Every structure is written in C-alpha cells, then in structure tokens.
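Biologist: I'm new to this one. Can you put it up and walk me through it?
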Amino acid sequence: DNQQTVQNIQDSVRVTNPVPATGGGPGETIEEIRRNAQAFFASQNRAVTAQDYKTRVLSMPSRYGSVAKATVQPDTNINNPLGINLYVLGFDSNGRLVSVNDAVKENIREFLSQFRMLTDGVSIRDGFAINFAVDFEISVSSSFSKRQTKFRAIQRLQDVLSVESMDFGDPIVIGDLINELRAVEG
C-alpha cells in the first residue's frame, strides 16, 4: 500500500522552469560520455594524469563556468617535474572559440585544487585557435548539378573541420580531406 502511495506521489509531481538556463555548451555525444566515464573512473576522484586534468576541467559543473576545449602539456619553465600547463578555450555567444575570462580561470584553479596531487603545479593558460582555409578543386560528373555538388563538398568539409569535431592538437590530414571529398555524390 505504501509502495502505491509513493508511486502516486511521484507520478503527480511536475516542474516548470519559467526562466531558461544560460551558459554551458552543447550536450556530450555518446562517445564523449563513454570516454569521460572511463577517464573519471580511472582517476578514482583524483587527478594524476594529463587526461585526468583534461577530463576534470571539461566535466566541471557549470556554476564554475564553461570550458569548451582543453589540453594539458608538461610545464618546462618551472623546476617542478610534475608541473603542467592547462590550456583552455570557451565559446562566445556566436559559438566561436575564445579565451576564457580570469574569473573562470580562478574557478578552474579552485575546482581542480580538490583533485590535484599535492606536488602538482597547474598553470592555467589561454589556448589559441588557428583559423585556416582549404582551397580545393573538384570535377563534377555531367549528370550532377555543379552548384549542388560544390555546395555538398563545402558542407562535407565544414562538418569534418567543425569546432565541435576537432580538439587541441588534432592533425589535419590532407589525404583524409581528399577521401571526404571523394565520398560526395557527384
């Protein structure tokens, strides 16, 4: 009888949020969730490896601010062999990569302090985005519209090279881009 009462109460609860949430970024993909879950479990609630730090900062609660991209490199400028440089970028209101502000960096520092090893030195630095262009030529089969085929080719490259699909240090392999263009119908 109590079970039924509890179920009736749970079924009757409704929530409406009249003020939408702001900030944050797009939801994680299934693959990102899988990788983050593995890394989170492996770290056992502490940051030991470079991947641990990256996972921690990318999964940081939104109340600390939002980090869109992060990477970790050894810090060669200090006398601590365990020192690291954590490079971070966020999104602006137009979805472009920008440096995160000092308040977010301080929040990252505070958030990571509960996970880092005592001997680790963490320097939070601005990452940078490199803007580039891809110049290509295609030959269109006579049975296809040149304009539509060109549009699909550009769209394919934009998808492959989008901010969401790339991370710090990802290589751009010309052969892969050629294969993507070859896969375009026409």
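**The hairpin and its sheet**

Modeller: This is a predicted model. Strands β2 and β3 make a hairpin with 5 residues between them, and Gly95 in the turn has a positive phi of about 80°.

Biologist: How many bridges hold β2 and β3, and in which sense do they pair?

Modeller: They pair over 2 bridges in the antiparallel sense. β3 covers residues 97–98, and its Val98 stands opposite Gly90.

Biologist: What about β1 and β2, which sense is that?

Modeller: Antiparallel, over 6 bridges, with β1 spanning residues 69–74. Within that pairing, Val72 has Leu86 of β2 as its bridge partner.

Biologist: And β2 with β4, parallel or antiparallel?

Modeller: Parallel, joined by 5 bridges. β4 is residues 122–126, and its Asp126 stands opposite Val88.

Biologist: Is β2 mostly buried or exposed, then?

Modeller: Of its 8 residues, 84–91, 6 are buried, so β2 is largely enclosed by the rest of the structure.

Biologist: Switching to the inside. Which residues touch the most other members of the largest nonpolar core?

Modeller: Val57, Val67, Leu86, Val88 and Ile108, out of 17 residues in that core. The elements giving two or more residues to it are α3 (50–58), β1, β2 and α4 (102–113). α4 gives the most, with 4 residues.

Biologist: Take Val57. What is it in contact with, leaving aside neighbours within four places in sequence?

Modeller: Val67, Ala70, Leu86, Val88, Ile108 and Leu112. Two of these have come up already: Leu86 is the bridge partner of Val72, and Val88 stands opposite Asp126.

Biologist: What else is there in the way of cores?

Modeller: There is a second, separate core of 7 residues. Ala153, Leu161, Met166 and Val184 are among them. In general, nonpolar side chains in soluble globular proteins tend to be buried together.

Biologist: Now the outside. Which residues form the nonpolar patch on the surface?

Modeller: Phe128, Ile130, Phe132, Val134 and Ile172. Together they have about 510 Å² of accessible area.

Biologist: Where is Phe132 found?

Modeller: In the loop between β4 and α5, the helix of residues 146–160.

Biologist: What does its relative accessible area come to?

Modeller: For Phe132 the value is 42%, so this residue counts as partly exposed. The cut-offs behind that are under 20% for buried and over 50% for exposed.

Conventions: Residues numbered from 1 in each chain as written. Predicted model: local features only at pLDDT ≥ 70, side-chain atom pairs only at ≥ 80, totals over all residues. Heavy atoms only, no water. Buried < 20%, exposed > 50% of the residue type's maximum accessible area, 1.4 Å probe, protein only. Pairing = 2+ DSSP bridges. Core = buried A, V, L, I, M, F, W, Y, C linked by side-chain atoms within 4.5 Å. Contact = heavy atoms within 4.5 Å. Patch = residues over 30% accessible without salt bridge, like charges linked within 9 Å, V, L, I, M, F, W, Y side chains within 5 Å. Areas by Shrake-Rupley, 256 points an atom, 1.4 Å probe, with all protein chains shown as cover. Salt bridge = Lys/Arg side-chain N within 4 Å of Asp/Glu carboxyl O.
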